[in-house]
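The following exercises are to be worked through in order. Each task is followed by a solution in steps.

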Amino acid sequence: MADPQDELKCTIETLGPVSRELDVEVSAAEAARVHEEMTASFASRAKLPGFRPGKAPLDVVLQKFGPDIEHEVIDHLIPESLHRVLEKHAIRAVGVPSVRDVSYRAGGPIRYKAVVETWPEFDLPPYKKLKLKKRDESVSDEDVAKTIEDLRLKHAEYLPVENRGIQAGDFVILQIQGRDLKTKRLMPVEKISVVAGHEGNDPAVEAHLSGLRTGEETAFEHAYPADDPRKKLAGKTIAFTMKILSVRETVTPAVDDELAKRMGEESLDVLRKKVRTELEALKRRDARRQSSEEAIQAVIDQASIPLPESAVEEETAVVLKNLAAQLPRRGLSREAVESIRAEARRQAEQNLKEHLVIRKIAQAEGFQVTEEDVDAEIKAIAEANNLPLARMMDTFREEDRREGLKGTLLSRRTVDFLISQSIME
């Protein structure tokens, strides 16, 4: 039997740094072999007048289904032969190749052209001894105090107010209804909550809160300016009736051992030490992230990295999908949408260049990630999240998830290497 590679002819033309045109010919012998298989398949299923199913002569089947059989041969041999060509010539295709100029008739060869986008080949600039900014990783007493203050505020309680009226800082629930003095039309009854004295409050409400007690009612009028951002109120004078449903004052705990115990620590000193340790770890992670971004960008800025359009479009779609969850579903102008798309494309190009640079450096340094490395990382993830190892292993059982984690570990190792070889100034 002939070697399948001998049954393929291919000439390759370079169209650009990330594009190749393949002129492929599948031999008549190979095409005939597949044509014979397809004809037999059609014959076994054919239902033709005067013949039992599957018993029609081949010449009758060919007469009836000849064009369909030829299409089946093309649909089978083009992707199969294209795969062999790419593998033989070590072409790393990106996306789906564009096939054109297909020609085939039974008894002859199959000829076609395919334009293939590829990952770029580029030279790495010097990436050792990069000059990076030295970042401050220290944590001050003020940083610790601010964090504990934030924790204290999160443990605040809202207690019912008795024997006094509303004061700034009180949490108030009220019921309010307005009436347009011009049209006499009543507005819907609303139940709202506000923090007295907050700058975001409706000025009409804020002006009449102070001193009121739970259960008390008041009435007032307010003229809204024509440029008020709330269209239903702009330029109107509204008569309001307002009733205070509840008033609660904010009571925050003192910064003492009792606060620490509420947070699961033995004492305030232990809490401070824990907070400092966590802030230091956070600062180290942030410094590493900034240094890694600076190092990779320094390499990208010195390299010429053309990108295949199909890869950019695919990555842009991923970025847009992630952005969609953060954007309003309506109300965006065409200019805003175009700006978002442009930013997504810019981020996509950056992501691809970072990926290519990291992979290129990893190859140059001979970095590899073993299955044992992946298992160790899964174990670390399980311990960090206090989850059973067996459950976490099952989560990463799928091959693509393990490969994704392997890629993450390789990137981490490469970036750590870049930083370790850099000069901090």
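**Exercise 1. Determine how many aromatic pairs there are, and describe the pair of Y158 and F171.**

Solution. Step 1: the rule covers the rings of Phe, Tyr and Trp (its six-membered ring) and pairs them if their centres lie within 6.5 Å; planes under 30 degrees apart count as stacked, over 60 as edge-to-face and the rest as tilted. By this rule, the count is four aromatic pairs.

Step 1: Y158 and F171 form a tilted pair, with 5.6 Å from centre to centre and 50° between the planes. Y158 belongs to strand 6 (residues 157–160) and F171 to strand 7 (residues 171–180), so this pair ties together parts that are 13 residues apart in sequence. Strands (E, at least two residues) and helices (H or I, at least four) are DSSP runs, numbered from the N terminus.

Step 2: accessibility is expressed as relative accessible area, where buried means under 20%, exposed over 50% and partly exposed in between (1.4 Å probe, protein chains only). Y158 is partly exposed at 43%, and F171 is partly exposed at 28%.

The model is predicted: local features need pLDDT of at least 70, side-chain atom pairs count only at pLDDT 80 or more, and totals for chains, interfaces and linings use all residues. Residues are numbered from 1 along each chain as its sequence is written, and side-chain values use heavy atoms, with hydrogens and water left out.

**Exercise 2. Classify the pair of Y224 and F240, and state where its two residues lie.**

Solution. Step 1: the ring centres of Y224 and F240 are 6.5 Å apart and the planes stand at 75°, so the pair is edge-to-face.

Step 1: the pair links distant parts of the chain, 16 residues apart. Y224 is in the loop between strand 9 (217–223) and strand 10 (237–251), while F240 is in strand 10.

Step 2: both Y224 and F240 are buried. Together with F220, Y224 and F240 form one aromatic cluster.

**Exercise 3. Which ring faces have K360 and R401 over them?**

Solution. Step 1: a charge sits over a ring if NZ of Lys or CZ of Arg is within 6 Å of the ring centre and within 35 degrees of the ring normal.

Step 1: K360 lies over the face of F122, 5.1 Å from the ring centre. R401 lies over the face of F396, at 4.8 Å from the ring centre.

**Exercise 4. Describe the span of helix 1 and its buried residues.**

Solution. Step 1: helix 1 covers residues 28–45, which is 18 residues. Its first and last C-alpha atoms are 26 Å apart, close to the expected 26 Å; the expected span is 1.5 Å times one less than the number of residues.

Step 1: the buried residues of helix 1 are E30, A31, V34, H35, M38, T39, F42 and A43. An α-helix has 3.6 residues a turn, so residues three or four places apart point the same way.

Step 2: the cover over these buried residues includes strand 2 (19–26), helix 2 (58–88) and strand 4 (110–118).

**Exercise 5. Is S267 buried or exposed, and which residues does S267 contact beyond its neighbours within four places in sequence?**

Solution. Step 1: S267 lies in the loop between helix 5 (257–262) and helix 6 (268–302). At 19% relative accessibility, S267 counts as buried.

Step 1: contact means heavy atoms within 4.5 Å. With neighbours within four places in sequence left aside, S267 is in contact with D257 and A260.

**Exercise 6. Describe the chain as a whole.**

Solution. Step 1: the chain has eleven helices and eleven strands.

Step 1: its radius of gyration is 35 Å, whereas a compact globule of 425 residues would have one near 22 Å. This radius is taken over C-alpha atoms, and the globule rule is 2.2 Å times the number of residues to the power 0.38.

Step 2: along the principal axes, the C-alpha atoms fill a box of roughly 105 × 65 × 45 Å. Buried residues make up 33% of the 425 residues.
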